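This report describes the packing, strand pairing and charged contacts of one protein model. Please keep the sequence and the structure in view while reading.

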Amino acid sequence: MLTAEQKQQVAGWFAAGASLDEIQKRVKAEFGIHMTYLDVRLMVAELPQPVEPEPEPPCAPEAGAQPESAEGGPVAGEADSTGGAPVPGAPRPEPPPGAPKRYDLDAPDADEGKAVPDVSVSVDTVVDPRFFASGDVTFSDGVTAKWYVSQDGRLGIDKAPEGYRPSPTDGVIFQQRLMEELRNRGMM
């Protein structure tokens with residue numbers, strides 16, 4: 001869909017902190033190409049993820065001076081008064097207000113360390129006319145649901161137990177396998 005040069009430009013927008021919605025709008029406005037939200041998300045997942053810059057070390061305090069927080073104790077992450085390791089349990093500093101959101105698609109989750117989850121996806125041969133495609137999914141925890149892609153390209157899950165949310169790993173694997181199935185059937 002996009003040329004290598006256009007993908008590089010999208011990678012720059014993503015690295016600058018643009019949301020998926022903003023990227024979708026800019027692709028439409030600047031390249032004249034309509035991409036569904038799912039297409040944008042999958043494209044961004046394939047891009048090299050931006051590397052967070054290393055924080056600059058704080059200015060060296062005066063000899064013997066100990067940085068202190070507003071409460072009078074050592075600053076979070078700073079050595080304690082004995083010059084030892086960082087203070088355990090001290091709160092980590094928050095990002096500055098208005099800092100761009102970062103989407104770490106490779107972030108570890110509760111499933112880290114486990115074998116790759118088995119998520120199965122099937123595509124219906126007869127599709128409800130309201131949808132572009134539909135089918136069934138079975139997540140690694142055994143929960144089954146119906147999935148659908150609306151005519152405008154939005155992915156949805158239906159007939160899952162109320163309040164059920166698959167693990168982040170299951171969600172990513174589901175989307176990857178769904179894309180493979182749709183490509184295999186010539187739907188993408």
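## Helix 4 and the sheet

Across which strands does helix 4 lie, and at about what angle to strand 1 does helix 4 run? Helix 4 (residues 168–184) lies across strand 1, strand 2, strand 3 (144–150) and strand 4, and its direction is at about 35° to strand 1. Helices (H or I, at least four residues) and strands (E, at least two) are DSSP runs, numbered from the N terminus. Axes are lines fitted to C-alpha atoms, for helices over the stretch in contact, with angles from 0 to 180 degrees between N-to-C directions; contact means heavy atoms within 4.5 Å.

The model is predicted: local features need pLDDT of at least 70 and side-chain atom pairs count only at pLDDT 80 or more, whereas totals for chains, interfaces and linings use all residues. Residues are numbered from 1 along each chain as its sequence is written, and side-chain values use heavy atoms, with hydrogens and water left out.

The four strands form an open sheet in the order 1-2-3-4, with antiparallel pairing; two strands pair if DSSP finds at least two bridges between them. Strand 1 (120–123) and strand 4 (155–158) are at the edges and have a single partner strand each, so one side of each is left without a neighbour in the sheet. On average, neighbouring strands of this sheet are turned by 30° against each other, direction ignored.

Strand 1 and strand 2 (residues 131–138) run antiparallel and are joined by four bridges. Within this pair, Val121 stands opposite Val137 of strand 2.

## Nonpolar cores

In soluble globular proteins, nonpolar side chains tend to be buried together. A nonpolar core is here a set of buried Ala, Val, Leu, Ile, Met, Phe, Trp, Tyr and Cys residues joined through side-chain atoms within 4.5 Å. Buried means under 20% relative accessible area, exposed over 50%, and partly exposed in between (1.4 Å probe, protein chains only).

The largest nonpolar core has 15 residues, and Leu2, Val10, Ile23 and Val27 have the most contacts inside it. Helix 1 (4–15), helix 2 (20–31) and helix 3 (37–46) are the elements that give two or more residues to this core; helix 2 gives the most, with four residues. When its neighbours within four places in sequence are left aside, Val10 is in contact with Leu2, Ile23, Val27, Phe31, Met43 and Leu47. Apart from this core lies another, of 13 residues, among them Val121, Ala133, Ala145 and Leu178.

## Salt bridges

The structure holds six salt bridges, each defined as a side-chain nitrogen of Lys or Arg within 4 Å of a carboxyl oxygen of Asp or Glu. In helix 2, Asp21 and Lys25 lie four residues apart, about one turn of the helix, and their side chains meet in a salt bridge (3.3 Å, N to O). Asp21 is partly exposed at 35% relative accessible area, while Lys25 counts as exposed at 53%. Arg26 and Glu30 likewise lie four residues apart in helix 2, and a salt bridge joins their side chains (3.3 Å, N to O). Both count as partly exposed, Arg26 at 33% and Glu30 at 41%.

Asp128 forms a salt bridge with Arg130, with 2.8 Å between the closest N and O atoms. Asp128 is partly exposed, at 27%, and Arg130 is exposed, at 58%.
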